[in-house]
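This report describes selected features of one protein chain. Please examine the sequence and the structure shown below before reading on.

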Amino acid sequence: MRVIIVLALVFIIIATIFIPPSYLRLADPFNGPMKAVARPPPPAALENYVLVIKADSEREAFYKLGYAHAYYRFFQMDVMRRVAEGRLAELLGPAALETDVYFRSRGLYISAAKTWEYIKANYPEYASLVEEYVRGVNDFLATNPPILEYLILGKKPEPWRPEDTFAINKLIAWSLSGGEDDLTLKALVDRAGPWVLEVALKREVNTPILPRRATFSPVMHMLGESNNWIISPNFTQSGAPILANDPHLSLSAPPIWIFQRVEAPGYTVMGVAFPGTPVVVIGTNGFVAWGFTNTGVDVIDYYYYVWNGTKYLYNGVWLEAGKREEVLKACDADGRCSQRTLVVLETVHGPVIEYNGERYAMRWLGNNVTLEALALYQMGKARNLTEFLNALKYFVVPSQNTVYADIHGVVAYFASGYFPIRDGGYLPFNGSRGEGEWRRLVWLPSVLNYVNPPYLATANNKVADANIYLQWRWADRYRHDRIMELITQKIVAKGKVSVDDIKEIQLDTVDISCRDVKALLRDYGGTSAKKLFDELNKWDCVMAADSVAAARYATFVYTLQKLAWGKYNVSLTFMPFEVTLEAIKRGYVDRGVVEEAAAEALKVDKPWGSLHTYDIEHVLGGVFPQLNYRPVAAPGSWFTVNVAPDFHVSHGPSVRFIVDFKEGVYMMLPGGPDGDPLSPLYDAMYMPWVRGEYVKVG
């Protein structure tokens, strides 16, 4: 049921922290004197919601970007860096302290600092651009601008550092790398039994992106939830390649992306960037275009040991764990701070964390020096596939389904990043016995690639059948299969695909999982299941907001997951829906859950949109709901191309992006470009995004 890979940025805070009103200076930003606070004029133009930076040099462009990002989104930047660095409680108070413990113990900020030092030493030209970006941010802050959230909190913003930019990079990489999946799976297997592995690891019904089996050779050279797709020019109306991307990430107010266009000699590029980082992540420079979805390949391992105090047994030898002392602060609105000291043990595999009362060392590929920012910068300068691949070699983590198209008519797919070769990796290793050592790293594009397919789609589904373990929590196949189905239908019907066709596909709300569910109801249900089966047979599987059948269907799917896995104390979205269906068919899950879920679904008598709404919140929206975007009925579901998981939707298409090298560039964001809640641009794109509209930006 893992239909999206969630970007754990602002939503971590919204989901885990409630800031009590007694903590805040209760200044209402929509009434009284704060409403009249005047901002300085904007530093750069916004054209069709796009931040436009024009400069005479790259250094000037990066400086202007820093200034403009701070102007439009500094509070958001600050929250993201503090999450990554474990310093959120200094801003939001004691309620954020456990979030700080979580991230400080994992050490993202350490690898961010090491990465910055490495870039300064080895790539001084790029380092100088980052320094210009940082200078731009701090020059804006030096003007003492009135930033509304700090007025509410009674705080002042701190200067920006280069390490902060790389900390955001690490946060993004961490949140797309799988977190504690291995530990959660172990807990589930311990509670439910080994049959979980038997069903979960195979995933034979999941459709692979690549049509061939991938073979990872033992002598291979050693090297140091979203949709996207590409269509070759042979099948497009314009005769040029089309690339489409709509990464499914956290929906927040303001959006996690800012759309920007930079025009400077030798560096002209447009697309989305994370505020706090200067480089375009998904975009085009007029010569090449690229997009990403998460592969989810497993680059995190956990190790347990025999312990004796702070000594641990490793390969027959007792080693003393290293110690890292972390001082965490929690500050109230009057500037009074309390401190807490956290001692983090370090082993040969990495920092030690606690999970369910047990110690595990964590080895994550991203805790090394990694150069994704440099890769994205060079991708923005590429003019052809060779130059793009040379840039992609710097992209380490998280592995991404990378789609590519260029002005020369080439389209391609690569699974980017590096992958550690070891035996297994889906459960924690016995570190004392020397299990789970990484033998080498493989550059994934050398194995997982497809140049010039007729058309190809990715939706976090299985990358390829392979001779090694890559991961098991692939997204269910339904979004991928629906995209491929629609492209094929349009080609058969019209011979060619247009940009308007691509827009229709991105907005599609047909849930083809209903085909599997009908068979389940038919084969394993009772009276209620038969009644629901008869109703669904008359339904077109469209998850429309005004459909009662859609509401009943969603309730059935949700209840089935809850009945199958809820008793094991894991998230209802932890197990893919394909695994649930297979477990029921094999009898590992009591087949009576089908009838029970059907009975629950038949109780629903309201349309889907009355139960299923976009709920997009600001970090402080729990206290000031005016800061949130207003809830509206949401079409779609967990498995539709226009994805909208859960009943209160806070994840989905974080940008819709289409490039046709002859027709132009189109996009829409779920919010507005300006992070100031008093700005008329704060939510300017929200309802157009809900309605499925686009703006042409190139």
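In this predicted model, nine strands form an open sheet with mixed pairing, in the order 1-2-5-6-7-8-17-18-22. The edges are taken by strand 1 (45-47) and strand 22 (449-451); each has a single partner strand, so one side of each is left without a neighbour in the sheet. From one strand to the next, the twist averages 20°. Strands of a sheet pair through backbone hydrogen bonds, and the pairing may be parallel or antiparallel.

Helix 2 (residues 58-85) lies across strand 1, strand 2 (50-54), strand 5 (258-264) and strand 6 (267-273), and its direction makes an angle of about 150° with strand 2. Helix 12 (residues 385-392) lies across strand 8, strand 17 (400-406), strand 18 (411-415) and strand 22, at about 155° to strand 17.

Rolling a probe the size of a water molecule over the atoms shows where empty space is left. The second largest cavity holds about 250 Å³ of space. It is lined by 25 residues, of which Tyr72, Phe75, Ile147, Glu149 and Gly675 are the closest to its centre. Helix 2 and helix 7 (148-153) are the elements that give two or more residues to this lining. The most comes from helix 2, which gives eight residues.

Is strand 3 largely enclosed or exposed? Six of the six residues of strand 3 (residues 226-231) are buried, so the strand is largely enclosed by the rest of the structure. In a regular strand, side chains alternate between the two faces of the sheet. In strand 3, Ser226, Asn228 and Ile230 point one way, while Asn227, Trp229 and Ile231 point the other way, and all are buried. Strand 3 runs antiparallel to strand 4 (residues 242-250), and six bridges join the two. Here Asn227 stands opposite Asp246 of strand 4. Strand 3 also pairs with strand 23 (residues 455-458), in the antiparallel sense and over four bridges. The bridge partner of Ile231 in strand 23 is Tyr455.

The final topic is the disulfides. A disulfide is a covalent bond between the sulfur atoms of two cysteines. The model contains two disulfides, and the bonded cysteines, counted along the chain, follow the pattern 1-2, 3-4. The table lists the S to S distances.

| Cysteines | S to S distance |
|---|---|
| Cys331 and Cys337 | 2.0 Å |
| Cys514 and Cys541 | 1.9 Å |

The link of Cys331 and Cys337 is right-handed, with 105° about the S-S bond. Cys331 has a relative accessible area of 7% and is therefore buried, whereas Cys337 has a relative accessible area of 43% and is partly exposed.

For Cys514 and Cys541, the torsion about the S-S bond is about 95°, so this disulfide is right-handed. The pair links distant parts of the chain, 27 residues apart: Cys514 belongs to helix 15 (residues 513-524), and Cys541 to the loop between helix 16 (527-537) and helix 17 (548-565). Both Cys514 and Cys541 are buried.

Note on methods
Residues numbered from 1 in each chain as written. Predicted model: local features only at pLDDT ≥ 70, side-chain atom pairs only at ≥ 80, totals over all residues. Heavy atoms only, no water. Disulfide = S-S within 2.5 Å. Buried < 20%, exposed > 50% of the residue type's maximum accessible area, 1.4 Å probe, protein only. Pairing = 2+ DSSP bridges. Axes fitted to C-alpha atoms, helices over the stretch in contact; angles between N-to-C directions. Contact = heavy atoms within 4.5 Å. 1 Å grid on protein atoms, 1.4 Å probe; cavity = no way out; pocket = protein on both sides within 12 Å on 5 of 7 lines; lining within 4 Å. Points joined across faces, edges and corners; volume = space filled by probe spheres on them.
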